[in-house]
Amino acid sequence: KAGVTQTPRYLIKTRGQQVTLSCSPISGHRSVSWYQQTPGQGLQFLFEYFSETQRNKGNFPGRFSGRQFSNSRSEMNVSTLELGDSALYLCASSLEPTSSGNTIYFGEGSWLTVV
Amino acid sequence: GDSVTQMEGPVTLSEEAFLTINCTYTATGYPSLFWYVQYPGEGLQLLLKATKADDKGSNKGFEATYRKETTSFHLEKGSVQVSDSAVYFCALANYGQNFVFGPGTRLSVLP
């Protein structure tokens with residue numbers, strides 16, 4: 001069974017631009033959550049979607065947004081990019097919402113560099 | 001809120017040495033506990049998990065026992081290999097809350 005797929009794997013953007021990252025969860029998984037990983041801050045929770053509804057949101061500015069489609073695929077968008085947005089963005093999927101205690105499975109991540 | 005504390009390292013060991021990475025948690029109720037591993041340039045992979053007190057999770061020679069009395073879930077391996085070099089994350093999942101991850105422990109194993 002295919003794992004969590006994230007695209008693109010690597011991208012370089014310029015300050016002020018916007019970016020969209022995509023995540024396809026494991027087949028049958030309805031929950032998708034997003035994390036930002038940086039050397040200084042570790043893993044930080046961005047948001048979680050379940051059945052097309054945002055369930056939780058981390059402490060990030062409104063420039064960070066996301067959505068989930070009826071097939072459970074999810075996208076996250078960052079507008080007006082700043083240098084500090086350079087990070088590895090990880091998507092994780094699970095059968096049920098993460099608050100149920102289920103295991104979450106990660107994709108390989110999207111490496112974003114803002115110059 | 002819930003939290004996870006783990007030794008940040010880096011931890012450097014010689015091949016075939018014994019490994020312990022400490023993890024303690026603060027949580028209400030009965031969370032599930034996990035160890036995830038991140039190899040260079042990759043996402044996180046589930047290494048092992050335990051869902052209730054005294055459960056032992058094991059995989060690829062790694063083990064961890066859910067100790068409710070000490071709120072700990074220490075990761076151990078009897079003989080590490082160079083290929084075990086990675087960052088290890090302890091995490092907990094509690095009903096009604098998001099996953100909580102520790103800061104990660106970088107392990108380097110030298111030949």
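How many residues of chain A are in contact with how many residues of chain B? In this predicted model, 21 residues of chain A are in contact with 19 residues of chain B, where contact means heavy atoms within 4.5 Å. Because the model is predicted, local features need pLDDT of at least 70 and side-chain atom pairs count only at pLDDT 80 or more, while totals for chains, interfaces and linings use all residues. Residues are numbered from 1 along each chain as its sequence is written, chains are lettered from A and ligands numbered from 1 in the order in which they are written, and side-chain values use heavy atoms, with hydrogens and water left out.

The size of an interface is often given as the accessible area lost when the parts come together. Between chain A and chain B the buried area is about 1,500 Å², and carbon and sulfur atoms give 56% of it; buried area here is the accessible area (1.4 Å probe) that two parts lose on being put together, summed over both. The count between the two chains is 0 salt bridges, a salt bridge being a side-chain nitrogen of Lys or Arg within 4 Å of a carboxyl oxygen of Asp or Glu. On the side of chain A that touches chain B, E4, E5, E9 and E10 of chain A each supply at least two residues, and E5(A) gives the most, with 3 residues. Strands (E, at least two residues) and helices (H or I, at least four) are DSSP runs, numbered from the N terminus. The residues of this side of chain A divide into 9 nonpolar, 9 polar and 3 charged, where Ala, Val, Leu, Ile, Met, Phe, Trp, Tyr, Cys and Pro count as nonpolar, Asp, Glu, Lys and Arg as charged, and the others, Gly among them, as polar.

From the interface the view can move to the interior. In soluble globular proteins, nonpolar side chains tend to be buried together. A nonpolar core is a set of buried Ala, Val, Leu, Ile, Met, Phe, Trp, Tyr and Cys residues joined through side-chain atoms within 4.5 Å, and buried means under 20% relative accessible area, exposed over 50%, and partly exposed in between (1.4 Å probe, protein chains only). The largest such core has 27 residues, of which B:Trp35, B:Leu47, B:Leu48, B:Phe73, B:Leu75 and B:Tyr88 touch the most other members. Several strands of chain B each supply at least two residues of this core, among them E5 (32–38) and E6 (44–50), while the largest share, 4 residues, comes from E10(B). Not counting residues up to four places away in sequence, B:Tyr88 touches residues including B:Gln6, B:Trp35, B:Leu47, B:Leu75 and B:Leu107. Apart from this core lies another, of 21 residues, among them A:Val32, A:Leu46, A:Met76 and A:Val114.

In one of them the side chains of A:Arg9 and A:Glu108 meet at 2.8 Å, N to O, linking distant parts of the chain, 99 residues apart. A:Arg9 counts as partly exposed because its relative accessibility is 25%, and A:Glu108 is likewise partly exposed, with a relative accessible area of 40%. In chain B, the salt bridge of B:Lys77 with B:Asp84 has its closest N and O atoms 2.8 Å apart, and both B:Lys77 and B:Asp84 are buried.

Some backbone details complete the picture. A cis peptide bond joins A:Thr7 and A:Pro8, with omega about -15°, and A:Pro8 is found in the loop between E1 and E2 of chain A. Another cis peptide bond joins B:Gly9 and B:Pro10, with omega about 5°. B:Asp54, although not a glycine, has a positive phi of about 75° and is found in the loop between E6 and strand E7 (56–59) of chain B; with a relative accessible area of 53%, B:Asp54 is exposed.
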